[in-house]
Amino acid sequence: MRSRDDLHLNVRVFKGIHAPSNGCVRHIFSLYSNWDLNLVGTIRRCITFLNSLDHNFAHTSPQSLLYTAPATPRQQKMSGATENTVYVVTGSNRNIGLGIVKTLLARPQHTVVATVRSEEAKTSLEDEAKSVPKGTGSKLEIIKYDFSTAVPPDQVKSTFAKLNIGHIDVLVLNAGGALPLVQPSKTKAEDMRAAFEVNSIAPLLVFQGLKSYLLQSKSTPKVISVTSAVGSIGGMDPFGGGGYGPSRAAQNWVARSIHLEFNGTKGDTRLICIALHPGWVQTETGQFAVDQWQSAFKAIDYKIEMPPTKLEDSVSGIIKVIDDATAEHSGKFLTFEGKTLPW
Ligand SMILES: NC(=O)c1ccc[n+]([C@@H]2O[C@H](COP(=O)([O-])OP(=O)(O)OC[C@H]3O[C@@H](n4cnc5c(N)ncnc54)[C@H](OP(=O)(O)O)[C@@H]3O)[C@@H](O)[C@H]2O)c1
């Protein structure tokens, strides 16, 4: 065990969040016990110690904890079982989503759950995945969600539950779109509704459906909400955002509010949530914006024929932001290069 002071501090922090229970004891053990040394003795000492802090574990037998105790990395290694890092990536059959899926699959011990909305997209993703050398123990699972109309969180959850995966470490909410990017005087109500469905409502409902799996992650889970600089109110350009811009602004609001819900004021980060602009990327969506904004660009004498960000740079940047994300990045609106954008 680590020092008595360390354990004492952790119990006090933990006590504020959960009622004392066997789960509480196990959590503390998983952080503070050396499982490979006299396990029963360690547990007995912990129970005695917790009882001295007014927790009543008098009826807890060390053996009952042993049966449900999680395996340590060393125990997993000895038994040959290593738990995979689990990513869920929405909208993953093409461009940025596909790039993220391929990059993750090449890493060892990763389970990538990719979502698509059609059989055609599923087949195309399966074909693309075959071309990637997979890391040891890594695998791809594909599930279907169509975000054109709200998918109830229960349905999101039950579809995921069929995969028999117990946790999620990173959720990348990448599916999105619904253009055109026109000025407010030309924005139609139906375009606004379609944009809100896929860009604002879907990320919220997917998060709600998968939240319990994220909170099972052994590390601090991450939610990466792929949004757009077009949704920035503070940095708005006069190029026209149709329903797309406002729907991204709402998505940003949701990302920031998820951060606030899961991050206490005392530094007890339970989940990291970031709104992430992927760059102005060389995909059909990025090119669509270049084409739509040509007349506005002419007015300010700005010449551009294609989006400035290469697809591979966007994908590697996004992956780096995810890998590097800590509590201090949570609740921020970042670019794929890790720079902060105004809300
Ligand atoms: N490219 C850029 O410059 C840029 C800039 C800022 C933000 N973004 C955003 O970043 C994300 C990825 O960009 P991208 O260029 O890779 O976009 P993309 O090529 O248009 O791909 C979008 C993905 O989202 C899926 N999707 C769209 N509507 C959906 C719906 N109603 N239900 C389920 N899935 C749906 C698409 O599936 P289908 O193939 O079935 O349509 C596709 O897999 C998107 O959210 C995009 O809006 C892109």
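I start with contact: two residues are in contact if their C-beta atoms, placed from the backbone, lie within 7 Å. Helices (H or I, at least four residues) and strands (E, at least two) are DSSP runs, numbered from the N terminus. A residue is buried if 20 or more other C-beta atoms lie within 10 Å of its own, exposed if 12 or fewer, and partly exposed in between, with C-beta atoms placed from the backbone.

I note the source. This is a predicted model, where local features need pLDDT of at least 70, side-chain atom pairs count only at pLDDT 80 or more, and totals for chains, interfaces and linings use all residues. Residues are numbered from 1 along each chain as its sequence is written.

**Overview**

I looked up the secondary structure and found 13 helices and 7 strands. Of the 343 residues in the protein, 35% are buried. I then took the contacts with a separation of 6 or more: 73% of them join residues 24 or more positions apart.

**Helix 13**

Which helix and strands do the buried residues of helix 13 pack against? I find helix 6, strand 4, strand 5 (222–226), strand 6 (272–277) and strand 7 (333–335). The buried residues of helix 13 are S314, V315, I318, V321 and I322. They cover an arc of only 130° around the axis (the arc of the directions from the helix axis to the C-beta atoms), so they sit on the same side of helix 13. On the other side, E312, D323 and D324 are exposed.

I also checked the length. The expected span is 1.5 Å times one less than the number of residues. For the 14 residues of helix 13 this gives 20 Å, and the end C-alpha atoms are 20 Å apart, which agrees.

**Helix 6**

Helix 6 runs over 95–105. Here 9 of the 11 residues are buried, so helix 6 is largely enclosed by the rest of the structure. The buried ones include N95, G97 and L105. They pack against several elements, among them strand 1 (85–89), helix 7 (119–130) and helix 13 (311–324).

**Around the ligand**

I counted 28 residues around the ligand, and G91, N95, G176, T283 and G286 come nearest. Helix 6 and helix 11 (284–292) each supply at least two residues of this shell. By class, the shell has 10 nonpolar, 14 polar and 4 charged residues. For these classes, Ala, Val, Leu, Ile, Met, Phe, Trp, Tyr, Cys and Pro count as nonpolar, Asp, Glu, Lys and Arg as charged, and the others, Gly among them, as polar.

**The core**

A nonpolar core is a set of buried Ala, Val, Leu, Ile, Met, Phe, Trp, Tyr and Cys residues joined through C-beta atoms within 7 Å. In the largest one, with 66 residues, L171, V172 and L210 touch the most other members. Helix 9 (residues 189–214) gives the most to this core, with 13 residues. Leaving aside neighbours within four places in sequence, L171 is in contact with V88, F207, L210, L214 and V223.

Most residues other than glycine have a negative phi, and most peptide bonds are trans. I looked for exceptions. The peptide bond from L179 to P180 is cis, with omega near 20°. P180 is in the loop between strand 4 and helix 9.

Q109 is not a glycine, yet its phi is positive, about 55°. Q109 is in the loop between helix 6 and strand 2. D301 also has a positive phi of about 55° without being a glycine. Is D301 buried or exposed? D301 counts as exposed, with 6 C-beta neighbours inside 10 Å.

Key. Near = placed C-beta within 6 Å.
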